[in-house]
Amino acid sequence: MYAQALAPSTLNLTSPEQETKKDVVQAITKEPAQAIAKEPVRATTKKSMRATAKEPMQALAKEPVQAIAKEPVQAMTKKPTKAIKQKAAQAIPKDSARTFAMEPVRPMDQQSTSTPRPPASHFSFKTSEGKKESAPVITQYYPKQMVYPFAKVDRHIDSKLMQAATIAQERAHAHSRSRCWHYVKDALLASGVIDSRPKTELARDAAQELVSNYGFKRLSVTDPFAAPLGSVLVYGTTRSVGHVELRTRDGFVSDFRSRTPSRRPLVGVYAKL
């Protein structure tokens, strides 16, 4: 009886090590399982989904739409247009007009340059006799600028020849048409120097026909520029067709006008006295 009274009501047949193992196993298997399985699942599924589904959508749908749709439109349409139209319109025509009208244009600082003096047109010098003379200074060279002598008027020849030269010059062309003797015939006949038309065809035969049939005479002139006004100049050789032209005041004329005589050999200068 005494022993039964001292003995515990339940016998723990397991050792203390086994008790620690059971406690540890229960802590690992039961409690963490509930913490991992229940608590994180609720946080990620219910709360986070509500937070991501409801709150950001409301923030994106309500607040930014108002900021983009209402405020910038008013700023772009109402405020800047009035500011640009009114301020710029007032500043450009009024202010700039006043500045241009009131303030004179001021030239920039430039270095003073002396104006070049024109070259002297004449050169003054003294001759051996002590007289003062001057000569023009040539500043440019003109190789083609030549002065040809004008024809002289000879009172001994028929005045109708000068009229024939004027008629031929009015009918002449700028370039030759190989009809020199034809045009000279027409000019002599139109002026009244001759009363009939010459019959020769070649220009080299014009001299002989004019002398024998129309009373022309050969002048003692060998330079075409020295031929008197209205005289007839005949060029050519026996082997060529030849050329015929009338002396004008500033050149020679046949079926074309020229400042210089023909380059063919000169047969002679003829005129009617």
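The exercises below concern aromatic pairs and their surroundings.

The model is predicted, so local features need pLDDT of at least 70 and side-chain atom pairs count only at pLDDT 80 or more, while totals for chains, interfaces and linings use all residues. Residues are numbered from 1 along each chain as its sequence is written, and side-chain values use heavy atoms, with hydrogens and water left out.

**Exercise 1.** Classify the ring pair of Tyr148 and Phe225.

*Solution.* A search of the whole structure finds three aromatic pairs. Rings of Phe, Tyr and Trp (its six-membered ring) pair if their centres lie within 6.5 Å; planes under 30 degrees apart count as stacked, over 60 as edge-to-face and the rest as tilted. The centres of Tyr148 and Phe225 are 5.6 Å apart and their planes are at 5°, so this pair is stacked.

**Exercise 2.** Classify the ring pair of Phe225 and Phe252.

*Solution.* The ring centres of Phe225 and Phe252 lie 5.8 Å apart with the planes at 70°, so the pair is edge-to-face.

**Exercise 3.** Is Phe252 buried or exposed?

*Solution.* Buried means under 20% relative accessible area, exposed over 50%, and partly exposed in between (1.4 Å probe, protein chains only). Phe252 has a relative accessible area of 2% and is therefore buried. Tyr148, at 24%, counts as partly exposed, and Phe225, at 21%, also counts as partly exposed.

**Exercise 4.** Which arginine lies over the face of Phe252?

*Solution.* A charge sits over a ring if NZ of Lys or CZ of Arg is within 6 Å of the ring centre and within 35 degrees of the ring normal. Arg247 lies over the face of Phe252, at 4.6 Å from the ring centre.
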